[in-house]
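Thanks for making time this morning. I would like to walk through one structure with you, starting from a single element, then taking in the chain around it, and ending on one residue.

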Amino acid sequence: MRIDPRRVLLAVAAPTIAIVFALLVTALVLTSTGDPVLSTATAVFDYARKPAVEAQILNQGTIYYLSALAVAVGFRMNLFNIGVDGQYRLAAFAAAVVGSSFTLPKPLHILVILLVAMAVGAMWAGIAALLKTSRGVSEVISTIMLNAIATTLVAYLLRRFKVDTPGSNNVATKSIAESGAFPGLGLIPGTSVKVFGFIIIAAVAGAAYAVVLSRTRFGFDLRATGRSRTAAIASGVDVRRMIVTSLLISGAIAGLVGMPQLLGGSTRSYSLDFPAGLGFTGIAIALLGRNNAVGMALAALLFSFLDSSSLILDFNGIAKEIVLIIQGTIVLSVVVIYELVRRYGVAAEQRRVSRQLDGATA
Amino acid sequence: MLLSVAVGLLLLSIVRVATGADDLTSGGTVSAALALAVPIGLAGLGGLWSERSGVANIGLEGMMILGTWGAGWAGYQWGPWTGVLVGTLMGAVGGLLHAIATVSFGVDHIVSGVAVNILGLGATQFLSVIAFDGVKGAGQSQSPPLPDIVTVGVPGLGEPLRSLEKHHWLLVSDLAGVLRGLLTGVSLLTVLAVLLVVGSYVVLWRTAFGLRLRSCGENPVAAESLGVNVYLMKYAAVIASGAFAGVGGAFLAIVAGNGYREGQVAGRGYIGLAAMIFGNWRPGGLVAGAGLFGYTDALQLRRGGESVHALLLLVGLLLLVGAVLLALRSRLVAGTIAAAVGAAALAFYLRTDVVPEDFTTMTPYVATLLVLALASQRLRMPAADGLPYRRGQGG
């Protein structure tokens, strides 16, 4: 692949400008509430350099990255899988129930749990796929409804499958046996906080995503369908099958989103306080990272870093909800700036070509 | 339209008599249904304006959230109507943001909508911490209780209708219940919402401005060639869209709830959008859609287990009838599916006495999915809805 320096520059420029813009907005908000801008920024960056916090950023980033991958598979085909949120929660719950019901030798136990999670995630996404292909229901609406249905379904099932833990109000499923634990990695020196071993699986999934999309026929069909449905049909792509397959894959990856926490956390069970809303963060990260495997990894780390800063903000007496504003501003400004940069790129390309043509005729 | 309402009421009446689930058509249920339908209908109205001008708007949820917060913040300080006004304005700001991104910068409409939702949620949570911290009766995620908006009704109607209802006669009592729900104890803001729907119809379908606006949603290039300022129309439509969603949010905070609470909107922006799609991008249709969702939502609140259980009987029977009709038209696959689902609903009805509470909470969402699955093939959205448009792109 030939690398065009101009295109690389444009690709990097957009997110950089967006982040700078979001920081400016944040500074403005901080000033308007009378909080010091500079000392807050130093406090946030100093805090993020602590080893325990670094490990935490990597862990949260792993989860965000998987969620973004799930969303991106749909995005590349112009499908908006807003249902990642419901898919991963239902999948994590099912995996917790099934995984705690038996024990197997170590790698096998984990493998079975992962397969269950992926199957359930894919199944929940499959409903939206079927509704779209057979009844023409927009996946945007159906996945949102399925999110709400998943919330109540999990709440109902959780009460049926709960086990009582003495001295705790938290409602949780039975813990998965030790053989289902995904070992953590001591990647960061100077802290006892382990990094999720799942970070390796996330990296492998990211690599697979990049390779499949840009190096296989399936990936080509998928991108072609996303760019122009009519052109894809004309070249012999079965669009219905592509919709079903890509949503199933998206759902299967979504099934993995809850796994780092479920298998790498301390309780290894699904409980009331299992993290929710990761699917929506995934959408934001996929947008920020432009559905690019590396870009999304950086975006996931950025969001995770911003999340980690909420603790120290709270400590300094600043409303930690400002993090949400930063994240929202980044997403909105990044899509606007991508569009501007794209227009600029097209115009520059046109000028370059017309110059070359002038040169050829002169 | 009137006929289908009448048939629906008759069916409900029969099911009510057969099962004894009196809350199916009681005045209380209808009144609750109306109150639940209004915010959904207002969100749908927002969607109607926006999508008729060609801008898909899934940011309604975020705009509604802004509306609930604005109403909560202004409402406890300067009274409920100021709350409605500020909620409307905050929603309009959300709409303006969406318009800037989609119209001026040509960002993908869904992407921008998602971003508006994230931003609306984040901004309100942040503002709550600043504005409500230390205020009496408030917390970091809720405003103080708000003063109510007065309710109105047709005088002298409540008592006679209530006594008619108590007899539980077939059809007569049901009709009395529906009328009591619709005509007595109605919030002024509900009346305003009804006027907004009628007004939207008049403006969009009976004025030159409305024709221009809708032409942007069908074919912006053609509209441009006729001298319509497409950007201006789209801006007006999307800002109005946010304002309607804001009124819906204000209704949630002031009338339906007792102040702003975090998470109060709970997907109603999306459901409103679904109601509008179900209503085929028409005001009358979206009212029907909002009514349906409001009704299923109200049922689950009023002895939900029993009422939704009775509804299962109705759904099961309807699906079986549908299956026979489909089979007669030799559409065997669809007929078999309908028969299977219908039989499952009936089996569930016969084997249980009440539906567990969690499942009744699901009812509006499942109803949305079912209704879209059954209706969506005959729908026609504005031809250029959701497509990017740049001035002069027609050449």
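**A helix, its chain, and a glycine**

Let me begin with helix 5 of chain A, residues 106–135, which has 30 residues and spans 43 Å from its first C-alpha to its last, close to the 44 Å expected at 1.5 Å a residue. Please keep in mind throughout that this is a predicted model. Despite that span, helix 5 of chain A does carry a kink of about 25°, centred on A:A125, and just after the helix A:G136 adopts a positive phi of about 70°.

Stepping back to the whole of chain A, we find 14 helices and 0 strands. The radius of gyration of chain A is 22 Å, close to the 21 Å that the globule rule gives for 362 residues, so the chain is as compact as a globular protein of that length. Along the principal axes, its C-alpha atoms fill a box of roughly 85 × 60 × 35 Å. Buried residues account for 46% of the 362 residues in chain A, and, of the contacts in this chain between residues at least 6 apart in sequence, 76% join residues at least 24 apart.

Finally, I turn to chain B, where B:G269 sits in helix 12, residues 268–278. Is B:G269 buried or exposed? It is buried, because 33 other C-beta atoms lie within 10 Å, against a cut-off of 20 or more. Setting aside neighbours within four places in sequence, B:G269 is in contact with B:A43, B:L60, B:E61, B:M64 and B:A245. B:G269 also lies 9.4 Å from B:G41, C-alpha to C-alpha, although the two are 228 residues apart in sequence.

Methods. Residues are numbered from 1 along each chain as its sequence is written. Chains are lettered from A and ligands numbered from 1 in the order in which they are written. This is a predicted model: local features need pLDDT of at least 70, side-chain atom pairs count only at pLDDT 80 or more; totals for chains, interfaces and linings use all residues. Helices (H or I, at least four residues) and strands (E, at least two) are DSSP runs, numbered from the N terminus. A residue is buried if 20 or more other C-beta atoms lie within 10 Å of its own, exposed if 12 or fewer, and partly exposed in between; C-beta atoms are placed from the backbone. Two residues are in contact if their C-beta atoms, placed from the backbone, lie within 7 Å. The expected span of a helix is 1.5 Å times one less than its number of residues. The bend at a residue is the angle between axes fitted to the seven residues ending there and the seven starting there. The radius of gyration is taken over C-alpha atoms; the globule rule is 2.2 Å times the number of residues to the power 0.38.
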